[in-house]
Amino acid sequence: MKEEELSDDCNEILDLTDDLQRGEKCQICGGMHARRAYGGMACGWANFTARRAGCELRKRRGLIQSKEIHLKREFQMAAQNFARPLLYERLEAVDVVRSLMNIQNMITQDLHGRLVFDFPYSFELSLNQVLHNPTAVCSRIPLGYDEPTEPNIPLEQLPAMAARIVARALVHCTDLYRAIPEFWHLNEEDRINLISTQFAMQGMLNDYYHTYKYNFKNGLLSALGFRTIGPDCPVNAVPGIDVFFEDTYNWYVPYGVKLVIPAIRRGEMLDEEFLLIKTILLFSSAVGFSDVSAQVIRNAFNKYTSILLEHLKNRFQSPSMAIERFTALMSVPNYLLNASPKINAELGRNTLMKYCKLEGPLLEEIFHRQ
């Protein structure tokens with residue numbers, strides 16, 4: 001190893017800036033040609049020993065943070081190359097939660113810029129194509145739940161905005177699915193079925209949680225800054241989007257405001273619990289899947305519910321409080337499962353495809369597959 005390289009690596013341990021002290025004796029072995037190290041004189045043999053010890057110290061210090069740095073680099077590389085999964089299978093509960101948070105930050109892109117409304121999108125795809133390359137639908141622009149749009153968007157522009165919301169939400173949901181290792185244990189047909197059955201429920205959960213998180217009182221928040229005004233809210237109560245699709249939103253908003261959001265509030269849901277509940281929801285029903293896939297789904301459900309309970313015990317430091325919050329949070333997937341047939345029929349087929357005239361094989365496969 002070159003002396004210059006060693007100097008760069010261990011410069012806080014050895015002072016190699018002095019000239020070679022010719023004629024000086026090593027204070028360790030008595031040999032000649034010593035140089036200054038650690039405030040004393042040492043020969044070359046003692047100095048490589050010192051360097052090695054110093055570098056080992058640096059190595060031990062580096063290992064303290066290397067695990068988290070390694071995970072972040074893995075996430076970044078996987079995202080760039082569409083690798084999967086992003087979440088390792090054999091992680092402790094705390095590492096699963098931390099990894100899910102890293103994944104969420106990466107796939108929402110909310111930390112990387114302002115909202116974009118005129119981005120290109122395409123529904124001329126199959127679910128299988130989306131599964132292997134989500135950004136074929138649209139790019140990962142900021143999801144934008146925390147940035148309501150102003151002023152109001154004209155009614156005639158709603159179909160185009162609805163299409164972009166659906167496109168971005170689909171990329172976001174698929175990114176999450178791809179990050180979960182158990183998802184890839186399903187056969188290809190069952191993976192496609194899972195995306196189709198989950199898309200509307202995951203979208204509902206996103207809207208309901210962010211409405212609670214940002215304390216929005218007069219309706220629901222949605223992606224790309226949309227605000228959905230409920231039927232009991234006066235038209236001019238809140239600046240933003242005024243949407244009145246009688247058959248859908250007059251049910252969709254109260255269902256969240258009166259049932260799901262109160263359960264989220266009772267469970268004191270934070271981002272960590274939100275991501276665990278999203279993952280639990282993903283594996284909340286094995287109906288309609290092959291026997292092998294159904295077993296994978298049941299095992300994954302048990303795994304992530306156990307992680308949620310362990311996480312809550314660590315958070316609240318009280319078994320009784322953890323169980324109380326756990327019970328409230330676990331009611332959320334049940335509410336969404338009960339609403340799934342109605343929301344697929346009304347929001348998907350009636351509102352988006354019929355009223356907003358969204359079309360394409362991708363939407364047909366999602367909303368007419370079931």
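Reader: What should I know about the model and the numbering?

Author: It's a predicted model, where local features need pLDDT of at least 70, side-chain atom pairs count only at pLDDT 80 or more, and totals for chains, interfaces and linings use all residues. Residues are numbered from 1 along each chain as its sequence is written, and side-chain values use heavy atoms, with hydrogens and water left out.

Reader: On to packing. At what angle do H6 and H8 pack?

Author: About 160°, with the axes 10 Å apart. The axes are lines fitted to C-alpha atoms, for helices over the stretch in contact, and angles run from 0 to 180 degrees between N-to-C directions. That makes H6 roughly antiparallel to H8; under 35 degrees counts as roughly parallel, over 145 as roughly antiparallel, 65 to 115 as roughly perpendicular and the rest as oblique.

Reader: Which residues of H6 and H8 meet there?

Author: On the H6 side they include Leu 194, Met 201, Leu 205 and Tyr 209, and on the H8 side Phe 274, Ile 277 and Leu 281 are among them. Contact here means heavy atoms within 4.5 Å.

Reader: What about H8 and H9, how do their axes cross?

Author: They cross at roughly 165° and come within 9 Å, with H9 covering residues 291-316. H8 and H9 are therefore roughly antiparallel to each other. Residues making that contact include Leu 276 and Ile 280 of H8, plus Tyr 304, Leu 308 and Leu 312 of H9.

Reader: Switching to rings. How many aromatic pairs does the count come to?

Author: It comes to 8. Rings of Phe, Tyr and Trp (its six-membered ring) pair if their centres lie within 6.5 Å; planes under 30 degrees apart are stacked, over 60 edge-to-face, the rest tilted. Tyr 209 and Phe 274 form a stacked pair, 4.3 Å centre to centre with 10° between the planes. Tyr 209 lies in H6 (residues 188-213) and Phe 274 in H8 (residues 271-282), so the pair ties together parts that are 65 residues apart in sequence.

Reader: Are Tyr 209 and Phe 274 buried or exposed?

Author: Both are buried. Elsewhere, Tyr 177, Phe 183 and Trp 184 form one aromatic cluster.

Reader: Which charged ends sit over rings?

Author: Arg 164 has its charged end over the ring of Phe 119, 5.8 Å from the centre. The charged end of Arg 325 sits over Phe 316's ring, at 5.1 Å from its centre. The rule is NZ of Lys or CZ of Arg within 6 Å of the ring centre and within 35 degrees of the ring normal.

Reader: Last one: where does Met 269 lie, and what does it touch?

Author: Met 269 is in the loop between H7 (249-266) and H8, and is buried with a relative accessible area of 1%. Tyr 209, Phe 274 and Leu 329 are among the residues Met 269 touches, not counting residues up to four places away in sequence.

Key:
Helices (H or I, at least four residues) and strands (E, at least two) are DSSP runs, numbered from the N terminus. Buried means under 20% relative accessible area, exposed over 50%, partly exposed in between (1.4 Å probe, protein chains only).
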